[in-house]
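Morning, everyone. Please have the sequence and the 3D view open. I'll keep this short.

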Amino acid sequence: MTRSFPTRRQGSAVGAAVLALALAATACSSDAGDDAVGETSAPPSSPSASTAEAEPTTTTDAADEAEEPAEVEPFAVTDAFGNEVTVPGDPQRVFAGDDTSLANLLALGVVPVGTAVNQNAVPDFLGDQMDGIADVSADNGFGINIEALAALEPDLIIGPGTTQLQLQYELASEVAPTYAYQYGYASGDELRTNLTDVARLFGLEDRADEIIADLDDRIADLGERLAASERADETVSVVRIFRDGSGISLRHGTTESVLMAEVGVVRPENQQSIEAFATDLSLESLQLADADTIYVYLDDPDDPAVYDEMIDSALWQTLAAVQNDRVFVVDGGVWNGISITAANLILDDLEQTLDL
């Protein structure tokens, strides 16, 4: 029997219908970003004033007046497309071009004025952090309303280094300096670089290092607890159901699979290759998902027809996880996510469902 696993989405049911990515292809349906890029030629010397926590000002004993903070000059940086971008020294109105940059910016303490996010990965889990952040998605989320973007008057646009952004790079660059960050989700290094590549624009490398160190410590702790648990040798599968009834997929090369590999979660023999990314499933090949535990997420839970058909099928009923009541329906917005915040929430799910 399928069990629903509680999720933390705000203002909607689990996996509520979502908006779309304006500048990037979906995290689980496109290739990772380009290779590493050049270094910053003149990095900022202090965190941006657009961060949530400003540095305290100092006062002079003589005049009892606050010292003016040192001005940070604009600096040049090479982005994922090989373009040299002049980044404002103190960006105040940042635009986040996808859900990954949005969540990572908020984790760094930078609150963007607007965003445009993947319809399959709307970060409802950010809750009231989204208050006041304008959404300028267009074309069912696979484009951006340039006029609405311009109206936000951003001084810096950040988006993923994907083909989708390349198609809109020129238009976006006419509005404000546009930086394509290193984007990827098929390795632990890529998940972390998504954060660090953006952090350097604000002089927040130390904060990014702290966030990553916390993630690393947590993964190591969960790995030790799993190895010592009764579920150490149990296998895990992940099934994604696409929106519009377009298919079923067995995931083994996306964010959750990368994290499972780092924790030491055992995957079935047919799901060992992260490079292979995913395997298409049909109602006639559901045995490929057989495992001791199965996680299922729907891109559009408001259209559960394929999901209902799957769990009602005779073949689905033969799977070990189904027979042992070890199927968990998880939040697609989280499990489609690629940010460090989403990664920690996926680890929350693993910790709870694997009894760690």
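Predicted model: local features only at pLDDT ≥ 70, side-chain atom pairs only at ≥ 80, totals over all residues.

The mean pLDDT of the protein chain is 83. Of its residues, 79% reach 70 or more. Now look at residues 5–64. There, pLDDT stays under 50. The model still has 193 contacts beyond four places in sequence for that stretch. Read that part with care.

Now the overall picture. The protein chain has 356 residues, and 53% of them are buried. Its secondary structure comes to 10 helices and 15 strands. Take the contacts with a separation of 6 or more: 71% of them link residues 24 or more positions apart. The accessible surface comes to about 15100 Å². Carbon and sulfur atoms hold 46% of that surface.

Next, helix α5. Find residues 205–227. How far apart are the end C-alpha atoms of α5? They are 33 Å apart. Its 23 residues, at 1.5 Å a residue, should span 33 Å, so the two agree.

Which residues of α5 are buried? They are A208, I211, I212, L215, R218, I219, L222, G223 and L226. Look at the spacing as you read that list. An α-helix has 3.6 residues a turn, so residues three or four places apart point the same way. And the partners? The buried residues of α5 pack against α1 (99–108), α4 (188–199), α6 (255–263) and α10 (340–353).

Let's take α6 from that list. Two packed helices are described by the angle between their axes and the distance between the axes. For α5 and α6, the angle is about 65° and the axes are 8 Å apart. On the α5 side, the contact uses I219, L222, G223 and L226. On the α6 side, it uses L259, E262 and V263. That contact divides into 5 nonpolar residues, 1 polar and 1 charged.

Helix α6 also meets α4. Their axes come within 9 Å and cross at roughly 115°. G188, L191 and R192 of α4 make the contact with T255, V258, L259 and E262 of α6. Here the count is 3 nonpolar, 2 polar and 2 charged.

Stay on α4 for a moment. It has 12 residues, which should span 16 Å at 1.5 Å a residue. The end C-alpha atoms are 17 Å apart, which agrees. Its buried residues are G188, L191, R192, N194, L195, D197, V198 and A199. They pack against helices α1, α5, α6 and α10. They also pack against strands β9 (156–160) and β10 (178–181).

Now the loops. Start with G97, between β4 (94–96) and α1. Is G97 buried or exposed? Buried, because its relative accessibility is 0%. G97 and L165 are 68 residues apart in sequence. In space, their C-alpha atoms are 8.7 Å apart.

Two other loop residues have a positive phi without being glycine. One is E153, with a phi of about 55°. E153 sits in the loop between α2 (146–151) and β9. Its relative accessible area is 58%, so E153 is exposed. The other is D244, with phi near 60°. D244 lies in the loop between β11 (236–241) and β12 (248–251). At 63% relative accessibility, D244 is exposed as well.

That's my tour. Questions, please.

Definitions and conventions
Residues numbered from 1 in each chain as written. Heavy atoms only, no water. Helix = DSSP H or I, 4+ residues; strand = E, 2+ residues; numbered from the N terminus. Buried < 20%, exposed > 50% of the residue type's maximum accessible area, 1.4 Å probe, protein only. Contact = heavy atoms within 4.5 Å. Areas by Shrake-Rupley, 256 points an atom, 1.4 Å probe, with all protein chains shown as cover. Expected span 1.5 Å × (residues − 1). pLDDT = per-residue confidence, 0-100. Axes fitted to C-alpha atoms, helices over the stretch in contact; angles between N-to-C directions. Nonpolar A, V, L, I, M, F, W, Y, C, P; charged D, E, K, R; others polar.
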